Amino acid sequence: MRRTRLENDTVTRARVSMIFVCLASIPAAQAEPAAAPIRYDESTRVFELSAEQVTYAFGVNERGELQSLYWGGRLGADDVLPAAKSDAAPSSFDPSTGATPQEYPAWGSALYTEPALKISFPDGNRDLVLHYLSHTVNGAHLVVLLKDVSRDVRVQLRYDIDPDSGILARSARIENHTGKALFVQQSAAATWNLPAGDDYLLHSLSGRWAAEWHLDRRPVLASQTVLESRRGSTGHQNNPWFALARAGTSEESGPVWFGALAWSGSWRITVEPDVKRRIRVTGGYNPFDFSYRLAAGAALESPVFFAGYTQGGLGEASRLLHRFELTHVLPQAPHPRARPVLYNSWEATEFNLTEAGQMKLAEMAAQIGVERFVMDDGWFGARDSDRAGLGDWIVNRRKFPRGLQPLIERVHALGMDFGLWVEPEMVNPDSDLYRRHPDWVLNFPGRPRTEARNQLVLNLARQDVRDHLFRVLDELVTQNDIGFLKWDYNRNWAEPGWPGQKPEDQQKLYVSYVENLYWILQRLRERHPKLEIESCSGGGGRVDLGIMRFTDEVWPSDNTDPFDRLSIQDGFTYAHTPGVMMAWVTDSPNWVNQRSTSLEYRFLSAMQGSLGVGADLTRWREQDVQTAKRLIADYKGIRMTVQQGRLYRLISPRDGSPYSATQSISSDGRQAVLFAFLHSSSMLYPYPRIHLKSLDPQARYRLRVLAGKPEEGTPVEASGGYWMSDGIQLMLKGDFQAAAIVLDRATS
Ligand code: DGJ
C-alpha cells in the first residue's frame, strides 16, 4: 500500500529497525551451527556479543550502571568474564562514576569525559544518572533498558552484531515518561570504550570541496579530538568515520577498532582518553546548536553507529566495512547489481544544453559502450547559469521544445538507460518556487541571509516542503522513463532558522530535515523500484552510511583530475566500498589543475571505481574512440571484481609517493585485478616490484595485460605462490604512466 504521510518518529523507528532486521536475517557463512551471538550470564550480569573474530562485552556493575568490559578478538565459548565492578576513584578530582567506562554515560554525577546524553528538565535540574532496568535478547539483537535514578527518563540501547563481520550496530532511543516536556541537549548513538593504551593512532578523513578524502593520522593525546560537521549535512570537511590502531599496526596486520556513523546531518564523533587512558569514542547528533524538546510521552531516536574490530590492519578494517556496506547497507544489499558504465554531460556542456547536443553525445556514448546516459544541470526552469531556476523542476521548453521524451527515447533506442540531475533541496531566489514560497527557506527573519552559489536551502523539516518535493520528483520519474537520479546538494546551511515554528521547537530542524530527506528517498524507491540514485554534494559532501541506505552510488569529488583522484580514491576506500565510488574519465588538460594525461591513464584511474565518462566526446579523435571502446569492454569483464571484490591497497599514493597500486580479488577468488600508477620516474629507479595478495598459492593464474607492460620474461601463467612471492615487475617509465593487469584462475 502506498503511504503518503508518516510522522517523523515512525520514520526514524522504521529506519533503525530496518538495519536491525537486515543484520538479523542474514545467516552466518559457517557450516556448523553457530553459537548464540548474544549471551547473558545471570550470575555475573555480563552480556557478551560474539561473531566472526570479535567479542564485545559489558555488564551491570554493583551500582547498576552499564559498564563496558571488553572489545577485541573473539573469546572462547567457555571463557567467563568476571562481573563488572566500578573503578575506584583515582583521586578526589576523579570520582568513580566518571572514571568507570559506561556504555552510555549520561551527564550527571561526576562525568568529565564526553556524555552520550545530556538533558535539561523544566525545573532547572540537569543531572541524569542512568541505571540498568531490563533487557531483551532476540537472536543477534539486544535491547537494554536504562532509567534515570529518580526521574522517568528511559533509554533503550540497541545492539546488533553482524554474523559475517562482527560489526556492531548501536543506537539509542530516549523516552520521556516524566509527564512534562524536557530538552535533550546532547544525544549520541553510542559510546565505544577501547582498551587502555598510550600508543593509539587515530585515523580520520578530512577535506574540502575538490579535495576530499585526505587520510589524517595523529596520536591520541590527553585532550579530546573532535571530528564533526556543523553544516547541516555530512560535509566535505570530515567524514563520519574513524579507525584507531595501536602502534605497529600496518596496512595488513595489527589491531584496529573502526566505526562509521549513519547520519547525513550535522554530526560529531569525539575521541579522548579517560583518566585511566581507556579510549572513549562517542558519536551521534552534533550537540552544537542542538536542542530537542521532547514532549511528555515522546521519544527521540539516535542515528545508528556501526563499529568493528580486526587484527588484520587497516586494509582488513576497510574490507570488512566494504563487505558490510555491500551486504547490509546499500539499497540493493545483499546483492547489489554491477554499476553500469555511465556518461555524464556536465563537464562537456555545463548549462548549454540542447536536445540535438545531448542526442549527439548520447550517440557517441553508446558507440563506446556506455550503458547509462545522464543529463546534468541546466535542463529545467530558467536555468542558463547557477543564478536562476533552482526549484522549478519543469522542462525548459526553449532548450527542449518537445520535452524530454524524444531524448529519452533516443537514449533507450541506443540501448542505454536515462538519468537526470536534480538538486531538490535548494532554491534560487530567482525562481518561481521562491516567488511563490519565500517562507520555505531556512533563515532568521529580519536578518541577512547568506547565499552560496546564488542559492538558499529549502526547509525540508517542514511537512509542506517535504510533500511538495516528493510530489514533484514522483511526477518527474512517473512521467518520464528515468532510471537514475543524480541528487545534488551544492551548499551548506547558514542562518538555520525555522520561521513559523515555535521557538522552542526550531532546533528540531537538525533531526527532522534529515529524516524527511530519508523519507523522500525511501518513498521514491518504493514507488519506483527500478530507480537508482546517486548522492552528490558538490562532490563528496554527503557520503555516509545513512544516505547510502537509499542511494546506489556516490560522487566522491568534483575533482576529476586522474592523478589527484588516485589519493582521493585511496582515502575514500578507507571508509567506503569502491562499488559506490563513481569516477569519470574527463578531458585533458583537466580543468582543476591544467594537468595533461593520456586517455589510457585517465581510464585506468577511473576504472578503480564505478566507471563513468564525463568528457566532451564530440572532440574525440577516432583513436580516442577506439581506446575508450577497448577499455570500457575490458572494464565490463573486471567490474564485479573491482566493485565488489576484496581490495588491497598495495602502494599508497599518499605523502608524495610517486607510485600507487591497488589489487582487487573477486569474492570467489577466481580473478585478481591490479592497477599501478607512476607519477614520474626519477634517477633511473625501476617501478617497485609488485607482490600480489590473497591468491591461492597452489592454483594457477593466467596473466592478461589490459594496459602497460610487464618486464620481458614474465610468465603468462604461474601459481598463486609465484605471483605473491616473486611478483610482477612492471615497466613503467616517464610521467603519468599506468598499467592494468588481470590474473584469471586457470585451475578450478
Ligand atoms: C556539482 C556536481 O558535483 C557536479 O558534478 C555537477 O553536477 C554540478 N554540481 C552541476 O551544477
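Trainee: Which residue stands opposite N344 in strand 22?

Mentor: The residue opposite N344 is V374. Please note that this is a predicted model, in which local features need pLDDT of at least 70, side-chain atom pairs count only at pLDDT 80 or more, and totals for chains, interfaces and linings use all residues. Residues are numbered from 1 along each chain as its sequence is written, and side-chain values use heavy atoms, with hydrogens and water left out.

Trainee: Why are strand 21 and strand 22 called a pair?

Mentor: Strands are DSSP runs of E with at least two residues, and helices are runs of H or I with at least four; both are numbered from the N terminus. Two strands pair if DSSP finds at least two bridges between them. Strand 21 and strand 22 (residues 372-375) have three bridges in the parallel sense, and they therefore meet the rule.

Trainee: What is the order of the strands in the open sheet?

Mentor: The order of the eight strands is 28-27-26-23-22-21-30-29, with parallel pairing.

Trainee: What makes a strand of this sheet an edge strand?

Mentor: An edge strand pairs on one side only, and this holds for strand 28 and strand 29. Strand 28 (residues 553-554) is joined to strand 27 by two bridges in the parallel sense, with E553 as the bridge partner of E534.

Trainee: How do you know that strand 26 pairs with strand 27?

Mentor: Four bridges join strand 26 (residues 484-487) to strand 27, and the two run parallel. W487 stands opposite S535 in strand 27. Between the two strands the chain passes through helix 9 (residues 509-527), which gives a right-handed β-α-β crossover. The name "right-handed" is used because, with the strands pointing away from the viewer, the path from the first strand over the helix to the second runs clockwise.

Trainee: Why is E350 called partly exposed?

Mentor: The relative accessibility of E350 is 40%, so the value falls in the middle class. E350 is in the loop between helix 4 (346-349) and helix 5 (355-368).

Trainee: How do you know that the peptide bond from S588 to P589 is cis?

Mentor: Omega of this bond is near 0°, and P589 is found in the loop between strand 29 (582-585) and helix 11 (599-606). A cis bond with omega of about 10° joins A333 and P334. Most peptide bonds are trans.

Trainee: What makes a space a cavity, and what makes it a pocket?

Mentor: On a 1 Å grid over the protein atoms alone, a cavity is a set of points where a 1.4 Å probe fits but cannot get out; a pocket is an open set with protein on both sides within 12 Å along at least five of seven lines, and lining residues have an atom within 4 Å of a point. Grid points are joined across faces, edges and corners, and a volume is the space filled by probe spheres set on the points.

Trainee: What is the volume of the largest pocket, and which classes line it?

Mentor: The largest pocket holds about 680 Å³. Its lining has eleven nonpolar, nine polar and 14 charged residues, where Ala, Val, Leu, Ile, Met, Phe, Trp, Tyr, Cys and Pro count as nonpolar, Asp, Glu, Lys and Arg as charged, and the others, Gly among them, as polar.

Note on methods:
Buried means under 20% relative accessible area, exposed over 50%, partly exposed in between (1.4 Å probe, protein chains only).
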